[in-house]
Amino acid sequence: MNMLTRLLIIACLMLPFAACKKHEAPQAQEPTPVALPGSDKQADWIAYLNYKLTPHMDGISGSPFVYFLPAATTEDFAGLYERQLGKLKEDLSRGIIEGNMLVFASPAPDKEVEMMEAAFPEVPQGTMKGVKVVFIGTPELNDRAKAAVSAAGVNYIFIEAK
């Protein structure tokens, strides 16, 4: 009887361990690809930008600064461009510190690069180290965009819009 009692106690003590399953870490799922929006509305670009920017967010401490221009055929495009350029110049004049990201994306990527070329020469050389500048556009415009921002000392990232 003594032996039977011991075996039952051991079995009772082992039961919780035998019933436990190892909990596996949840499998990281690949994000669902998001196609380049066919419209020029900023709201339609939000999911696309989130998809494209997520892999580059390491080291970024806050929300990215997104500079978006609609298609050049949009009503009052010239006014929108001027206001966006003024905002970019104002932001750059205040100083952008390490751990921030500036994003340039648009259905009119040539105007986006033109805006970068107009604003970044005013930034003192090497003052934006640790800042990521992301240009989402065409490969033909990549060299111009990179040349416009490189003197500021940024970490330049090109993402092909497709």
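The lining of the largest pocket divides into seven nonpolar residues, three polar ones and no charged ones (Ala, Val, Leu, Ile, Met, Phe, Trp, Tyr, Cys and Pro count as nonpolar, Asp, Glu, Lys and Arg as charged, and the others, Gly among them, as polar). This is a predicted model, in which local features need pLDDT of at least 70 and side-chain atom pairs count only at pLDDT 80 or more, while totals for chains, interfaces and linings use all residues. Residues are numbered from 1 along each chain as its sequence is written, and side-chain values use heavy atoms, with hydrogens and water left out.

The lining consists of Q42, I46, L49, N50, L53, T54, M57, P64, V66 and F68 (a pocket is an open set of points on a 1 Å grid over the protein atoms alone, where a 1.4 Å probe fits, with protein on both sides within 12 Å along at least five of seven lines; lining residues have an atom within 4 Å of a point). Helix α2 (42–53) and strand β1 (65–68) are the elements that give two or more residues to this lining, and α2 provides the largest share, five residues (helices are DSSP runs of H or I with at least four residues, strands runs of E with at least two, numbered from the N terminus).

Turning to the helix pair, α3 (residues 77–94) and α4 (residues 109–119) pack at an angle of about 40 degrees, their axes 10 Å apart (axes are lines fitted to C-alpha atoms, for helices over the stretch in contact, and angles run from 0 to 180 degrees between N-to-C directions). F77, Y81, Q84, L85, L88, K89 and L92 of α3 meet K111, E114, M115, A118 and A119 of α4 (contact means heavy atoms within 4.5 Å). By class, this contact has eight nonpolar, one polar and three charged residues.
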